[in-house]
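Colleague: Hi! Could you walk me through this one? I'm new to it.

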Amino acid sequence: MINLTNLDNTLVGVDTTAGSNQGFSANTVLDNVNVGDALSNGGLFGGAANILDQRAYNQLNAMGVTAPGVVTPVVLGTVAGFPGGNPTTVEINMLTSAASLGSGGSTLSGTTSLTSTNTNTANVVRPNVIPSAGVGVPSLLVGYSAGPASVGGSQVGINSANALGAAFAPGTTVSLNQMPIGLANVSTGGPTTASSTGGQQGLLNMSSVNNLVAFTAQGSSEVNGSATGVDANGNPITVAGSQIAQNRFNTAAIYGDVALVLGQKADGLNAVDTAFTSANMAAAYSANLGSAGIDPTVRNLNQGAGVDINTLALAPVGGASGAVTLSGQQSILGAVTVSGPGGGTFGTVVPVVTNQMVASTVANSLAAVAATQPNAGGVLGGGVLALTAPRNFVNGAPAAADVGLSNVGQTIATAYNRVDAGNMAITALPATGSNNGTGFSQVANEIGAISGVVQVGTSSFGVGALNNALADTVAGRASIDGLAQNYQMTANTLNSSANVTGGFTQTANALNFAAGVAAPAGFSNGVVNQGSGGAAFAAAGQPYEVALQNGGGGLQTNSAGAVTILGGNASLAGTTQRTNVLANVLSTSAALTTTSAGAVEQNLGAIAGYGGTGSMQSLGALSGSIAGSGLASATGYRQDIGLTGNLVSASGLSGTVTQQGPSMFSDGTVNYAQAISGGRGDATIGSALLSGTGATSGIQTTALTMNRIDSTGTIGSAATPAALSQASGGVNVGNNLGFNGASNVAAVAAFGTSGNAVGNNLVQQASVNFNSLASTGLLVGNANQTSNGFLSANGNSATANAAGCGSVCNGTGNATLLGTQQVVGQTLNTMALAGGATGLLNQVAAGGTDILSRNTVRTQSANGYAINTGVQVATNGVNVISAAR
């Protein structure tokens with residue numbers, strides 16, 4: 001038996017007067033702070049540069065895993081060839097305290113906090129002031145001293161609690177328990193073991209924050225993450241740097257052919273008491289006060305932010321494959337009820353996971369950055385950037401400045417209850433005497449995600465995307481080149497490339513993509529603010545808190561914007577945005593077989609905040625948002641969104657599979673791409689050329705798939721016929737299933753006196769599929785598909801507008817959308833049986849079915865021509881059985 005136990009509460013003894021145990025709070029606080037500040041007053045030879053490689057790691061209850069997270073497994077139990085040669089039973093308990101201990105009528109709070117903060121800044125700012133000439137005569141600000149500011153290097157911050165890497169001899173029985181715990185019913189001051197612990201608790205803070213900031217009042221600013229590497233031939237090359245912010249709770253890597261009884265329990269974690277923050281910021285800002293050639297840039301940098309809760313990896317020892325017997329559970333069942341205004345019942349922990357990247361000469365953009373910056377001591381709002389942002393121009397109009405992002409990436413990945421089995425065969429059988437048919441289960445109450453990040457400006461606030469990339473300037477050129485943004489969330493997933501056998505249950509009671517918004521600490525907007533965990537949330541470098549909400553705006557995952565305010569070209573080229581959400585997935589590239597005592601059961605509850613108000617993914621080029629002239633272009637982009645719930649996939653399937661749910665209602669655009677010229681100049685979207693090698697299209701795709709069984713082999717046999725069931729729907733057709741509104745929108749507009757609005761080779765594809773079964777082999781057995789109400793409106797929209805200035809002027813430009821391809825398809829209850837079927841096939845669509853699939857292409861010109869060319873396809877299918885797969 002191995003116990004790794006962290007207890008915040010320390011028991012002192014027995015108070016004979018009070019007749020009860022007495023104790024005191026003994027918090028666990030692990031803080032890492034790396035700070036690099038380069039400060040200059042500027043001048044003829046002034047400037048500031050900070051090139052650092054910063055790394056911060058925290059580990060609490062870790063075995064066989066290095067601080068950066070590399071698994072170096074510890075060998076446990078009996079090893080072949082050693083004395084006493086039979087396989088053994090190994091019990092491992094990893095218990096992280098997040099507790100509040102009630103004793104003698106009082107509450108003794110104990111909190112656990114792990115924080116990692118890396119800050120790298122370069123600042124050049126000194127006001128040039130003409131002193132007051134006497135009483136009553138004010139001093140006069142005439143400008144700021146000039147000087148460049150540059151930061152570079154990589155930053156890594158990783159916190160992990162309850163982390164295991166272990167290897168075992170074949171045949172070993174392994175019992176693994178990982179959870180947050182508290183004390184209960186301890187009558188003496190003696191040793192505390194796993195058996196004397198109480199229920200799960202949630203007073204836990206894990207925060208990893210990285211900041212790269214270059215700021216100058218007058219001069220060039222740069223964030224450059226590039227480093228020198230080598231290619232496959234050993235030649236030196238320039239590679240991108242990185243910002244990595246990770247928090248990991250209950251993670252395990254098990255090596256060997258073992259019988260694993262797993263208890264990964266994060267039930268105590270909840271939305272109010274628990275705070276997980278993984279945040280990266282990279283910002284280059286120049287106030288652009290009267291100097292030409294000022295070019296804020298962020299380049300050669302990849303940002304990665306993530307949270308893992310309850311993850312298991314399986315691998316063989318020595319060979320290419322192996323086998324594991326798996327039983328037990330991964331669970332996240334925390335919930336808390338808050339009374340008072342804005343109160344409600346909130347589910348499991350709502351992490352802040354975000355990447356922010358800015359190159360700017362606009363004061364409002366600086367204010368949004370400054371609101372989340374700590375000073376050298378980690379105190380928010382006390383840093384160099386916590387100053388009144390210099391005005392955008394002094395003594396006249398601003399000089400033109402080019403701002404840009406190039407060769408950059410942003411990735412968010414969160415995982416809840418995940419098993420990665422690799423090439424390990426899995427057998428999941430019920431425990432002896434359980435009679436419940438389930439050998440292994442993954443269960444979650446409400447998986448909550450923040451929908452966006454509050455962007456605080458000089459006088460107002462808005463909500464931005466979780467991956468947010470912005471290049472904006474008062475005057476000049478704004479560009480984004482080579483940006484890749486990715487958002488992934490998984491809940492209850494099991495993946496293998498070997499055979500999977502036995503009983504499995506996957507249940508997610510709710511997915512809430514609008515559980516809250518991240519806001520700078522101290523922000524209040526009339527909602528429940530996270531933070532009852534106490535002082536731990538004020539730890540060094542904590543830039544955000546969660547404003548909890550039971551509803552509101554929808555999920556915003558990826559955003560990219562190039563903006564010029566007073567004219568100048570704005571462009572995006574080669575931007576990719578991907579959003580992928582997976583819930584309740586059991587997948588193997590080999591065979592899946594349930595036994596007579598087992599089944600695969602997948603249950604998915606309500607889905608909220610998916611595709612609500614606003615755009616889930618957006619990209620745009622805006623030239624002259626107030627005045628001026630310039631070109632606007634968004635070319636060579638791709639936007640992909642996928643949401644999959646209840647998926648069983650295998651090369652062959654035998655046994656029983658049931659899929660239930662979900663209920664959902666979504667409203668609004670999910671992919672949005674635009675190019676707008678506000679003054680004189682053309683606007684282009686899609687591809688820069690109509691044909692030829694440079695004709696890369698603007699591509700938008702969305703796929704919503706619920707309840708799918710997919711087999712690339714046979715399903716069932718004469719000896720063991722399959723029993724398949726898929727059920728979806730609610731009781732009110734107006735308020736249950738559905739996706740309402742266009743999934744993909746592309747818009748191009750020229751609003752000046754002249755300028756063409758041009759769209760080339762746009763590709764838009766939208767699909768919605770509920771209750772689908774596909775097989776390349778013979779289906780032997782029964783398949784049942786039912787819906788109790790389905791309402792869905794979905795489609796694509798592309799517009800080009802060269803209408804000029806409205807009532808002020810008539811534009812002379814042309815509006816064209818050439819080579820547009822729009823495809824939308826929606827299905828309910830479909831079976832694609834390429835190998836044929838024998839048995840009972842049943843499809844029922846009840847409770848009302850209302851499906852609208854729509855494609856729209858529209859061009860408008862005031863005095864020029866308006867032209868559309870392309871293809872539009874719209875299809876609907878309800879209760880369809882086909883031979884094609």
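Colleague: How do the residues lining the second largest pocket divide into nonpolar, polar and charged?
Modeller: There are nine nonpolar, five polar and four charged. Asp, Glu, Lys and Arg count as charged, Ala, Val, Leu, Ile, Met, Phe, Trp, Tyr, Cys and Pro as nonpolar, and the others, Gly among them, as polar. This is a predicted model, where local features need pLDDT of at least 70, side-chain atom pairs need 80 or more, and totals for chains, interfaces and linings use all residues. Residues are numbered from 1 along each chain as its sequence is written, and side-chain values use heavy atoms, without hydrogens and water.

Colleague: What volume does that pocket have?
Modeller: The second largest pocket has about 250 Å³. Of its 18 lining residues, G69, V71, T251, A252 and T311 are the closest to its centre. Strand 15 (155-168), strand 21 (241-255), strand 24 and strand 29 (401-420) each give two or more residues to the lining. A strand here is a DSSP run of E, at least two residues, numbered from the N terminus.

Colleague: New topic: what is the phi of N310, and where does N310 sit?
Modeller: Phi of N310 is near 65°, positive although the residue is not glycine, and N310 belongs to strand 24 (residues 297-315).

Colleague: Is N310 buried or exposed?
Modeller: N310 is buried, at 0% relative accessible area; buried means under 20% with a 1.4 Å probe, protein chains only.

Colleague: And what about N829?
Modeller: N829 in strand 59 (residues 815-833) also has a positive phi, near 65°, and is buried at 0%.

Colleague: Which peptide bond is cis?
Modeller: The one from G661 to P662, with omega near 0°. P662 is in the loop between strand 48 (656-660) and strand 49 (663-664).

Note on methods:
Helix = DSSP H or I, 4+ residues; strand = E, 2+ residues; numbered from the N terminus. Buried < 20%, exposed > 50% of the residue type's maximum accessible area, 1.4 Å probe, protein only. 1 Å grid on protein atoms, 1.4 Å probe; cavity = no way out; pocket = protein on both sides within 12 Å on 5 of 7 lines; lining within 4 Å. Points joined across faces, edges and corners; volume = space filled by probe spheres on them.
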